[in-house]
Amino acid sequence: MTQGSSGRRLAEVLSQWEPVIGLEVHAQLLTRSKMFCGCRADYAGLPPNSNTCPTCLGLPGALPVANAAAIRMTVRTGLALQSRIPEHSKFDRKNYFYPDLPKGYQISQYDLPLCVGGWLEFDVGGTERAARITRVHLEEDAGKLLHAGEIQRAGFSLVDLNRAGVPLMEVVGEPDLRSPAEARAYLVALRQLLVYLGVNDGNMEEGSLRCDANISLRRPGEESLGVRAEVKNLNSFRILQRALEHEVVRQAALLESGATLTPETRGWSEAEAATVPQRGKEEAEDYRYFPDPDLPPIRCDPDEVAAIRSELPELPRARALRLRQQHNLSFDEARGLTERPGEADHFEQLVAAGAPPATAAAWQLNELAGLCQRAHRSIETSGLDLGQLARLLLLVQRREVSAATAKTVLAQALETGADPVGLVEAGGLRQLSDEGELTDRVDQAIAARPQAARDFLAGNDRALSALVGHVMAATRGRADARRVDELLRERLTREGGG
Amino acid sequence: MPIDGGTVRHVSGLARLGLEDAEVDRAAEQLAVILDAVDHLQAADIRGLDPTLRVGDPGTPCRADQVEPSLPVERALAGASGREANLLRVAAIQ
Amino acid sequence: MSWLLRSLADQARGLRRGEVTSARLVEEALARIAALDPRIGAFVRITATQARAAAEAADRRLAAEGDGAPPVCGIPVGLKDVLCVEGVETCAGSRILQGFVPPYTATAVARLTAAGAVAVGTCNCDEFAMGSSTENSAYQITRNPHQLGRVPGGSSGGSAAAVAAGLVTASLGTDTGGSIRQPAALCGVVGFKPTYGRVSRFGVIAFASSLDQVGPLTRTVEDAALVYSTIAGHDPLDATSSRRPVDDPIAELALGVEGMRLGVPAEYVDGDLDPGVRREFEAACGRLAALGARIETVSLPSTRFALAAYYVIAPAEASSNLARMDGLRFGPGAPTAPSLRAAYEQARHAGFGPEVRRRIMLGTYALSSGYYDAYYRRAQQVRTLVAQDFGRVFERIDAILAPTSPTPAFPLGSRTEDPLAMYQSDVLTVPFSLAGVPAVSLPAGLSEGLPVGLQIATPAFQDARCLRVAAAFERAAGVAAPPALAREPVG
């Protein structure tokens with residue numbers, strides 16, 4: 001909805017209305033076991049209902065015991081968000097009936113969450129912003145419901161409880177976000193932070209990171225809040241932004257028509273490219289929260305909290321800033337390299353192994369990223385030897401190996417595990433930089449492609465690339481493409497003018 | 001504390017007790033009697049007192065993050081009222 | 001006299017001296033159950049095959065280990081129907097759990113059987129342990145072996161009646177607001193509720209999690225101590241289970257009460273007490289004074305709020321604990337219901353009896369929006385008040401004495417239509433439950449032929465002291481005689 005008439009309508013609405021948006025983000029924690037029992041937290045690929053035990057099945061008499069690692073991960077997240085970690089916290093029961101909730105209640109945290117307050121910094125359109133965090137608390141995930149077709153029309157539902165009881169951390173944000181784009185940037189930054197902290201895998205597609213949004217509109221300058229809609233299950237950055245954009249336009253239209261909004265729960269329909277009302281519950285929600293008597297209150301010992309704080313890794317924004325300053329990188333490069341902690345580690349290891357930082361940054365972000373993607377590997381698992389890669393990038397920087405050659409040998413190295421510099425030497429692929437030979441090759445190309453030469457002289461600058469391509473092909477990529485470009489221009493303009 | 005049929009229906013609904021109409025009035029009467037007795041609580045001077053959150057030992061007993069064996073599917077679903085392959089089958093959610 | 005009418009300690013000695021075998025004890029138990037239980041209704045299920053196999057194993061162990069074998073080895077026991085046993089149907093006296101066969105065993109049971117005790121069957125109880133007469137079981141009522149027209153008390157009425165009638169040597173019950181102590185009092189046996197957190201609740205079908213505690217019902221105080229020390233101790237599967245080491249109660253049993261300060265709460269004896277109960281209680285106090293204890297009147301002023309707090313807290317927790325009984329994963333369910341909502345409602349309407357429904361409604365109401373502060377939160381504040389009362393009294397008193405029940409066993413059916421009258425049965429046991437302190441009930445005489453219980457409570461984790469005071473009284477008063485029915489010759 002960023003183009004065409006709908007885009008214009010959005011821009012018009014945004015000029016007259018101020019969206020007030022807050023996100024609630026649920027993140028499955030990367031523990032080994034579930035929140036309150038010893039079943040696996042990673043249930044991917046397991047046959048249905050094979051990852052359950054009396055506790056997560058909610059069998060009579062089975063009891064929960066809290067996973068210490070999940071509590072630590074939540075505190076770690078809170079500390080990274082500058083939250084306060086109160087000494088006293090507890091688990092509460094949220095009571096409601098649903099087949100994916102075996103006990104008839106979800107163990108969650110109501111009035112004493114593990115982390116209170118804090119803020120998240122993020123960039124939107126090149127500007128630094130911060131949004132306040134309300135709280136971070138810990139709860140258990142529900143099982144999965146499967147239906148043939150739509151839930152309302154299905155004759156029955158099927159339940160898989162493998163996911164029931166997986167530790168789920170909820171990061172509740174204050175309604176500090178003022179546009180769908182800001183909401184998206186906030187979620188991008190939060191996801192990145194969680195991955196950096198090693199508490200979540202950031203996988204929105206698989207649902208290990210999930211997002212709900214609250215949104216209302218008001219006139220710019222107004223203090224009070226409008227009637228908000230809760231939009232559930234916005235499980236990709238794209239859907240989050242599209243759904244919020246749709247909601248902005250929808251709510252504005254209603255408000256402008258004089259309608260009175262009522263609080264409601266909506267979801268995103270991909271088919272309709274719109275938010276749609278979710279079926280209301282039969283009774284008003286009354287979750288009857290009360291402290292879970294099976295789980296004694298949690299005491300977060302200040303010394304333990306200090307220890308967790310001291311173990312916090314360098315966070316993405318700090319790391320990007322350091323890389324920029326240390327290696328004189330651009331803002332975009334530093335941000336790109338620090339997107340995931342593994343990538344940033346790879347870059348720093350590459351530089352430590354002797355690669356020139358500027359070349360290493362450009363190559364890791366572009367060529368290497370592309371090659372790895374085609375090989376279905378990540379940068380960290382490319383299998384390339386960092387020392388060999390660093391030597392190759394040094395040759396590239398010194399223009400002793402052409403970019404094209406470097407790409408070719410890297411592709412081979414990725415496939416076979418060979419040393420890319422060894423491939424250069426064995427194939428005699430060092431860059432052709434002898435001016436005499438290069439000039440000969442350039443003259444041969446002009447002779448072979450007279451039409452391209454004429455086109456260039458007639459003002460078609462793009463015709464030159466055909467001639468460069470000819471030289472590169474004739475030299476099997478060994479020629480220094482930049483020098484070839486320069487020589488061609490020199491020869492042609494001299495001839496044309498002479 | 002008077003308690004009406006509507007409240008009883010609401011509470012029965014929340015708890016999925018499926019009370020029949022004939023049972024609602026009787027339940028309202030009985031609950032009213034019990035709540036009347038329980039209302040005695042309002043006379044207690046509890047100013048400044050925290051609610052009891054636990055009895056027994058202080059401390060936060062947690063488990064180490066270790067995987068333990070799960071139940072085989074056949075045992076997990078042994079008592080299921082409906083099954084489809086390895087899934088629990090339940091009536092339509094509506 | 002039947003071996004089953006002797007104490008556990010006597011049986012244990014007999015087993016070690018070769019005077020009897022576990023196989024014979026178990027056969028005797030099975031024969032007595034066959035002969036007497038049709039009139040009592042203490043058992044809902046007999047596990048004869050498993051019991052015979054376990055008895056043989058116990059005899060082999062006794063032969064191999066001799067005096068080194070645990071004291072409960074080879075002893076026939078009964079288990080309340082809320083204690084899960086792997087592979088054995090466990091129903092908590094409810095239709096909603098019909099057919100439920102747990103794939104795990106309650107820690108307390110596992111410890112008892114690991115020590116060689118032989119479970120012969122499941123004892124009847126009020127549905128989900130909610131009741132004071134064992135008339136709320138969906139399966140059967142249990143009668144008091146002293147007078148078959150009277151209730152055995154509840155909710156562990158089956159466990160109490162089984163021991164009283166000598167059908168088993170000991171049994172396990174659970175106590176939430178008096179469910180071990182009150183039936184023990186009404187059936188004339190010893191019933192001990194340990195400190196909250198002392199015995200694991202894992203595998204105990206929950207009534208009210210912050211109050212439930214497993215404990216023994218036996219013929220003597222020493223027997224209670226032997227069973228208690230077998231089942232007590234930290235369990236990593238129960239987060240509310242204490243990590244403190246368990247004091248050895250056996251060593252302290254003989255120490256006596258000389259010089260001890262025993263408190264009688266004025267509020268407990270000022271109220272309505274059956275004259276026989278009052279008489280026997282006063283006599284018991286006199287007996288303890290004669291043993292050298294100082295009896296003092298103390299005040300527990302919040303007692304008058306305790307029952308009300310209990311009847312908010314316990315139903316509130318129960319309303320949530322019983323939400324898992326939805327008929328989907330276990331229990332009869334409602335497989336043909338047209339909708340999920342109907343499936344829940346049909347399963348729960350058909351599955352729960354009237355008292356359980358009543359308490360679920362009460363608890364749901366107390367937690368619901370708008371009432372939480374006035375009921376649940378306030379009740380938990382009152383609980384703090386009650387605990388403070390005990391804290392104050394225990395600063396200068398070693399143990400508290402009280403009658404266990406305001407009346408002896410009442411006639412069957414006499415309180416079923418009057419929930420409040422039934423709830424009053426717990427008035428003297430509930431305060432100790434709220435405070436989480438240990439309390440034991442032991443026989444202290446008869447009122448018109450019906451047993452009267454003396455209740456003794458000590459500070460939290462002073463379980464050994466609690467049993468010590470009880471043992472001193474028992475030595476002076478003698479072990480209560482079994483009811484006439486138990487002395488009938490069997491087959």
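Predicted model: local features only at pLDDT ≥ 70, side-chain atom pairs only at ≥ 80, totals over all residues.
Residues are numbered from 1 along each chain as its sequence is written, and chains are lettered from A and ligands numbered from 1 in the order in which they are written.

Chain C is assigned domain 1 (3-262 + 395-487) and domain 2 (307-380), the bounds being taken from an automatic or database domain assignment. The C-alpha centres of domain 1 of chain C and domain 2 of chain C are 27 Å apart. Their contact takes 28 residues from domain 1 of chain C and 24 residues from domain 2 of chain C, two residues being in contact if their C-beta atoms, placed from the backbone, lie within 7 Å. On the side of domain 1 of chain C that touches domain 2 of chain C, α15 and α16 (430-435) of chain C each supply at least two residues, and α16(C) gives the most, with 3 residues; helices (H or I, at least four residues) and strands (E, at least two) are DSSP runs numbered from the N terminus. By class, this side of domain 1 of chain C has 15 nonpolar, 10 polar and 3 charged residues, where Ala, Val, Leu, Ile, Met, Phe, Trp, Tyr, Cys and Pro count as nonpolar, Asp, Glu, Lys and Arg as charged, and the others, Gly among them, as polar.

In chain C, 11 strands form an open sheet of mixed pairing, in the order β1-β3-β2-β4-β6-β5-β10-β11-β9-β7-β8, with two strands taken as paired if DSSP finds at least two bridges between them. Because β1 (43-46) and β8 (294-298) of chain C stand at the edges and each has a single partner strand, one side of each is left without a neighbour in the sheet. The twist averages 30° from one strand to the next, axes being lines fitted to C-alpha atoms, for helices over the stretch in contact, and angles running from 0 to 180 degrees between N-to-C directions. Within the sheet, strands β10 (residues 439-447) and β11 (residues 450-457) of chain C run antiparallel and are joined by 7 bridges, and S447(C) stands opposite L450(C) in β11(C). Helix α5 (residues 157-164) of chain C packs on the sheet, where its contacts include β1 and β4 (170-175) of chain C, and its direction makes about 155° with that of β4(C). In the loop between β3 and α5 of chain C lies S155(C), which is joined to G154(C) by a cis peptide bond with an omega of about 5°.

A nonpolar core is a set of buried Ala, Val, Leu, Ile, Met, Phe, Trp, Tyr and Cys residues joined through C-beta atoms within 7 Å; a residue is buried if 20 or more other C-beta atoms, placed from the backbone, lie within 10 Å of its own, exposed if 12 or fewer, and partly exposed in between. The largest nonpolar core has 283 residues, of which Y186(A), V118(C), A309(C), V312(C) and L467(C) touch the most other members. Helix α11 (residues 303-321) of chain C gives the most to this core, with 12 residues. Domain 1 and domain 2 of chain C both give residues to this core, so it lies between them. When residues up to four places away in sequence are not counted, Y186(A) touches L23(A), L120(A), F122(A), A131(A), G173(A) and L177(A). Another core, of 33 residues, lies apart from it and has F347(A), A361(A), W363(A) and L410(A) among its members.

The contact between chain C and chain B takes 63 residues from chain C and 41 residues from chain B. On the side of chain C that touches chain B, α11, α12 (340-351), α13 (354-367), α14 (373-394) and α15 (419-424) of chain C each supply at least two residues, and α14(C) gives the most, with 10 residues. The residues of this side divide into 32 nonpolar, 20 polar and 11 charged. The contact between chain C and chain A takes 37 residues from chain C and 24 residues from chain A. There, α11(C) gives the most to the side of chain C that touches chain A, with 3 residues, and that side has 23 nonpolar, 8 polar and 6 charged residues.

Most residues other than glycine have a negative phi. A273(A), in the loop between β13 (264-269) and β14 (274-277) of chain A, has a positive phi of about 50° although it is not a glycine, and N328(A), in the loop between α7 (316-327) and α8 (331-337) of chain A, likewise has a positive phi, of about 55°. A273(A) counts as exposed because it has 12 C-beta neighbours inside 10 Å, and N328(A) counts as exposed with 12 C-beta neighbours inside 10 Å.
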